[in-house]
Amino acid sequence: LYPQRVVDRINGLMKPMLLADFIVFQTKFTKHCAEQFVGPVTKPHEVIINPVDTKKFKPTDSTLTAEPFTIIMAGNHFESEERMKVSIEAVKKVREKTPLKLIIIGKCEFDINEDWIEKAGAFTQEKAPTLYQKAHMLLHLKYLDPCPTVVLEALATGLPVVGQGNGGMPELVDPQSGILLPVAEEFTKLHYPQVDEVAEAILKIKAELPRYSNSARTQALKFDKEIWLNRHEAIFNKLLQ
């Protein structure tokens with residue numbers, strides 16, 4: 001699945017686990033991966049999901065127009081042509097039933113030229129909240145994503161998520177804040193949901209957008225940065241006693 005140099009680099013980064021006094025895992029999924037590829041976790045540890053600044057990333061004060069229904073994707077995370085193909089084909093299928101616009105943020109290495117697709121290109125963290133506020137929903141089909149910041153930022157902005165039901169995603173997105181599609185979980189091959197499944201999930205989100213949007217914001221508040229900082233402070237204080 002990954003070049004040997006990448007495997008070697010990951011293994012090199014994981015070795016400090018053997019020397020640590022305490023280990024913080026981003027998600028239960030990352031702990032599972034560590035135990036599978038490095039060995040049993042014998043040191044004190046805790047799962048603390050990545051934080052999001054919910055004061056910075058928040059729903060827009062102005063109301064978005066209902067149409068076109070606008071979907072945002074993070075282009076700099078596209079690890080395969082198949083992921084892009086499934087994403088685009090699903091959005092095209094939805095466009096057959098309703099006006100729709102797609103915004104791809106970040107670097108996109110694929111040649112896509114459609115009048116309903118906006119390529120936002122590279123962006124700074126200062127500009128990120130405004131980009132999310134231009135959309136109604138996030139489409140994130142990255143396979144086995146361990147703890148994607150883009151998903152947390154989208155949820156905090158009130159964007160429901162359609163994604164894969166594997167990796168760390170089920171720990172970030174609950175059934176009220178998005179739709180996660182079941183796909184096989186393995187480390188030797190990339191898997192993606194069917195185009196029709198993705199399109200159906202998008203249409204369901206659109207049909208119940210206010211409910212999903214409110215729940216997305218509520219879900220994000222569980223991962224506010226202040227909670228993350230306070231928990232880390234408690235761990236450091238305990239270790240320093």
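User: Hi! Which angle do the axes of helix α3 and helix α7 cross at, and how close do they come?
Analyst: Hi! The axes of α3 (residues 81-95) and α7 (residues 195-207) cross at roughly 55 degrees and come within 8 Å. Axes here are lines fitted to C-alpha atoms, for helices over the stretch in contact, and angles run from 0 to 180 degrees between N-to-C directions. Helices (H or I, at least four residues) and strands (E, at least two) are DSSP runs, numbered from the N terminus.
User: And what should I know about the model itself?
Analyst: This is a predicted model, where local features need pLDDT of at least 70 and side-chain atom pairs count only at pLDDT 80 or more, while totals for chains, interfaces and linings use all residues. Residues are numbered from 1 along each chain as its sequence is written, and side-chain values use heavy atoms, with hydrogens and water left out.
User: Thanks! Back to the helices: which residues make the contact of α3 and α7?
Analyst: From α3 they are Val86, Glu89, Ala90, Lys93 and Val94, and from α7 they are Val195, Asp196, Val198, Ala199, Ile202 and Leu203. Contact means heavy atoms within 4.5 Å.
User: What is lying under α7, then?
Analyst: α7 lies across β3 (69-74), β6 (137-140), β7 (161-164) and β8, and runs at about 170 degrees to β8.
User: What order do the strands of that open sheet have?
Analyst: The six strands go β5-β4-β3-β6-β7-β8, with parallel pairing. Two strands pair if DSSP finds at least two bridges between them.
User: Which strands stand at the edges?
Analyst: β5 (117-121) and β8 (178-181) do; each has a single partner strand, so one side of each is left without a neighbour in the sheet. From one strand to the next, the twist averages 20 degrees.
User: How many bridges join β4 to β5?
Analyst: Four bridges join β4 (residues 100-105) to β5, and the two run parallel. Isoleucine 103 has glutamate 118 of β5 as its bridge partner.
User: New topic: where is the cis peptide bond?
Analyst: Glutamate 67 and proline 68 are joined by a cis peptide bond, with omega about 0 degrees. Proline 68 has its place in the loop between β2 (45-47) and β3.
User: And what is the phi of leucine 144?
Analyst: Leucine 144 has a positive phi of about 55 degrees, although it is not a glycine. Leucine 144 is found in the loop between β6 and α5 (149-156).
User: Is leucine 144 buried or exposed?
Analyst: Leucine 144 is buried, with a relative accessible area of 11%. Buried means under 20% relative accessible area, exposed over 50% and partly exposed in between (1.4 Å probe, protein chains only).
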